[in-house]
Amino acid sequence: MIVAFTSEDYDMKKWLPVILFLSVLSILQYTSYPSIGWWNSGGYAVQSYYLSIPSPGDSILYVILSWIFIKLFFFIPAIKAVTLVSIISTAFSAVLFYYTLVIILGRYSRVNEWNRLIVSF
């Protein structure tokens with residue numbers, strides 16, 4: 001059976017990653033810890049705020065991105081800006097994982113396209 005996609009179907013295919021990104025972003029923002037938690041979050045916040053050098057082998061890119069977010073979002077507390085780096089990177093990872101699953105399921109399974117998109121979502 002051949003399935004023909006209409007322009008509305010194509011528009012929905014374009015919006016699925018956006019919906020996924022926004023839903024993951026909102027869930028993570030809603031459930032994020034409101035202040036400094038245990039382990040490394042306080043250290044990362046201080047290192048990001050002052051753009052200091054983390055310990056060798058530590059997350060230098062994370063500190064630089066957090067410093068940029070602290071400067072961009074100056075109207076929120078620094079720890080929330082550092083948490084926002086993690087939230088946005090996790091939402092992007094969810095979208096990349098979605099595209100990876102779409103490619104893998106398209107290559108190794110024989111289900112139709114909409115089932116692949118729904119399973120990947």
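Is Phe21 buried or exposed, and what is its relative accessible area? Phe21 is buried, with a relative accessible area of 18%, where buried means under 20%, exposed over 50% and partly exposed in between (1.4 Å probe, protein chains only). The model is predicted: local features need pLDDT of at least 70 and side-chain atom pairs pLDDT 80 or more, whereas totals for chains, interfaces and linings use all residues. Residues are numbered from 1 along each chain as its sequence is written, and side-chain values use heavy atoms, without hydrogens and water.

Five aromatic pairs are found in a search of the whole structure; rings of Phe, Tyr and Trp (its six-membered ring) pair if their centres lie within 6.5 Å, and planes under 30 degrees apart count as stacked, over 60 as edge-to-face and the rest as tilted. Phe21 and Phe92 form a tilted pair, because their ring centres are 5.0 Å apart and their planes stand at 40°. This pair joins distant parts of the chain, Phe21 in helix H1 (residues 7–31) and Phe92 in helix H4 (residues 78–108), 71 residues apart; helices (H or I, at least four residues) are DSSP runs, numbered from the N terminus. Phe92 is partly exposed, at 49%.

The rings of Phe73 and Phe75, with centres 6.1 Å apart and planes at 85°, are therefore edge-to-face. Phe73 is partly exposed at 27%, while Phe75 counts as exposed at 58%.

How values were computed: Helix = DSSP H or I, 4+ residues; strand = E, 2+ residues; numbered from the N terminus.
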